[in-house]
Amino acid sequence: MQESNFYITFALVMELTTDILRTWFNRFNKEYFDGALSDAVSFEVSNSKHQLGQFCCTKRKSWLLKRPRPVDCVIKVSRYFEISEREIQATLLHEMIHYY
């Protein structure tokens, strides 16, 4: 009985890549944000055991807009944990909300 649980867990785990994150980002941007998010964001797959996801963005002051504007934005998702595709997608969506 315990052996079958291993196979169920194994089937839910996937190899995470930046290409997969980009594909999901584009799909979720259309579905949930009406395409409002810039695709200038980059993606990283980390091995962090402290965070599932992270959104980092450097802000530079714009002399034209008179306020800081985001540049060099990165969404990081950890592959340290063995979680399902759905949980990875939920983490990405969470980070996209910070980006919005």
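Me: What percentage of the 100 residues in the chain is buried?
Reply: This is a predicted model: local features need pLDDT of at least 70, side-chain atom pairs count only at pLDDT 80 or more, and totals for chains, interfaces and linings use all residues. Residues are numbered from 1 along each chain as its sequence is written, and side-chain values use heavy atoms, without hydrogens and water. Buried means under 20% relative accessible area, exposed over 50%, partly exposed in between (1.4 Å probe, protein chains only). Of the 100 residues in the chain, the buried share is 29%.

Me: Which pattern does the chain follow along the sequence?
Reply: Helices (H or I, at least four residues) and strands (E, at least two) are DSSP runs, numbered from the N terminus. Read along the sequence, their pattern is α-α-β-β-β-α.

Me: Where is Leu52 found?
Reply: Leu52 is partly exposed, as its relative accessible area is 36%. Strand 1 covers 42–46 and strand 2 covers 53–62. Leu52 is found in the loop between strand 1 and strand 2.

Me: Is Asp34 buried or exposed?
Reply: Asp34 lies in the loop between helix 2 (18–33) and strand 1. Its phi is near 50 degrees, a positive value in a residue other than glycine. Asp34 has 73% relative accessibility, so Asp34 counts as exposed.

Me: What percentage of contacts between residues at least 6 apart in sequence join residues at least 24 apart?
Reply: Contact means heavy atoms within 4.5 Å. Among the chain's contacts between residues at least 6 apart, the share joining residues at least 24 apart is 63%.
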